Amino acid sequence: MAKRKEKPPEEGSPAWMSTFSDLMNLLLCFFVLLFASSTMDEGKIQRIMASFSDISFSIFEQGAVSLIEGPIVSGGVTQLPNIESVLEHIGVATEVNGNNESIAANGAEGDEESKKDGQPESFEQQQKTELSEKELKAEMEEQGLQQSEEMYDEISQMTESYNIDDIISVDYNAQYVTLDLNGALLFDAGSAEIRDDARIFMQKIASIMGKYKECVIEIEGHTDNIPIHTAQYESNRYLSTARATKVYEYVMEQTRLIDKNMKIAGYGESRPVESNKTEEGRAKNRRVSIKIYNPLNSNT
């Protein structure tokens with residue numbers, strides 16, 4: 001009996017080998033991907049993210065919810081939580097459009113803008129700023145001087161009508177009008193009590209101050225440089241402060257001034273207007289100064 005003739009084998013690899021090769025390739029790619037993900041090369045990640053700046057791809061539908069904690073960025077590029085902090089650390093910024101987020105690298109333009117924002121003003125800008133500040137100060141000073149001059153004219157007219165213009169000194173600057181009262185006229189030596197014969201004079205001063213009760217008014221006490229040390233006053237500083245306080249109390253009794261606008265200070269011999277070497281100079285230094293600030297400086 002003749003043997004059956006065997007069929008020649010088919011050319012090429014068996015079908016199962018192709019399937020097996022595809023499986024091995026997929027497994028190899030999978031493990032290479034796992035190995036690549038285990039180490040983070042900031043430079044490579046930055047370049048990869050930059051290449052995806054205008055591309056959005058995903059194995060999920062857009063807006064799908066991550067199975068682990070954290071949102072899906074760019075439709076499924078990554079599901080890592082706190083991805084924004086990681087991207088900022090490596091120099092990649094995120095931009096949000098609608099409900100989706102796209103990833104873009106910080107380029108040279110961003111660096112240029114950030115540098116511009118952090119740059120100080122140019123020399124010309126600084127000059128303009130300083131010039132505008134000087135102009136503003138000059139304008140305020142001019143306006144204050146004008147207000148003080150108007151107050152000075154009014155006070156001078158009142159002192160003339162009260163017949164006290166020869167025993168009071170009035171002056172002004174851009175901030176206030178000053179009324180200098182002779183200390184010897186108001187007080188006895190070493191005392192802070194207002195003399196009885198000076199009370200009518202102080203009533204007229206209180207009337208002048210009442211006209212400007214809306215302005216800040218400062219009462220200052222001054223003395224000469226002759227040392228004083230009594231049981232009541234330890235120094236000229238104490239004496240000058242006590243005298244300013246007594247004037248304050250008296251004018252508050254005579255007219256309704258606004259207490260919050262009132263200031264009291266005692267400077268002793270620290271601010272003389274004349275030399276203390278002569279009796280005449282010391283007499284002028286023993287004074288009470290009343291500074292009535294103009295409306296501009298009272299508000300500021």
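Asp153 is located in helix H5, which spans residues 123-161; helices here are DSSP runs of H or I with at least four residues, strands are runs of E with at least two, and both are numbered from the N terminus. The model is predicted, so local features need pLDDT of at least 70 and side-chain atom pairs count only at pLDDT 80 or more, while totals for chains, interfaces and linings use all residues. Residues are numbered from 1 along each chain as its sequence is written, and side-chain values use heavy atoms, with hydrogens and water left out.

With a relative accessibility of 37%, Asp153 is classed as partly exposed (buried, under 20% relative accessible area; exposed, over 50%; partly exposed, in between; 1.4 Å probe, protein chains only). Together with Glu149, Glu150 and Glu154, Asp153 forms a negative surface patch. Patch residues have over 30% relative accessible area and no salt bridge, with like charges joined within 9 Å and nonpolar side chains within 5 Å; a salt bridge places a side-chain nitrogen of Lys or Arg within 4 Å of a carboxyl oxygen of Asp or Glu.

Three aromatic pairs are present in the structure (ring centres within 6.5 Å; planes under 30 degrees apart stacked, over 60 edge-to-face, the rest tilted). Phe30 and Phe31 form an edge-to-face pair, because their ring centres are 5.6 Å apart and their planes lie at 70°. Phe30 is partly exposed at 45% relative accessibility, whereas Phe31 is exposed at 53%. A tilted pair joins Tyr152 and Tyr172, with 5.0 Å centre to centre and 40° between the planes. Since Tyr152 belongs to helix H5 and Tyr172 to strand S3 (residues 168-172), this pair ties together parts 20 residues apart in sequence. Tyr152 is partly exposed at 26%, and Tyr172 is partly exposed at 29%.

Terms used
Accessible areas come from the Shrake-Rupley method with a 1.4 Å probe; for residues, only the protein chains shown count as cover. Lys and Arg count as positive and Asp and Glu as negative; His and the chain ends are not counted. The place of a charge is taken as NZ of Lys, CZ of Arg, CG of Asp or CD of Glu. Rings of Phe, Tyr and Trp (its six-membered ring) pair if their centres lie within 6.5 Å; planes under 30 degrees apart count as stacked, over 60 as edge-to-face and the rest as tilted.
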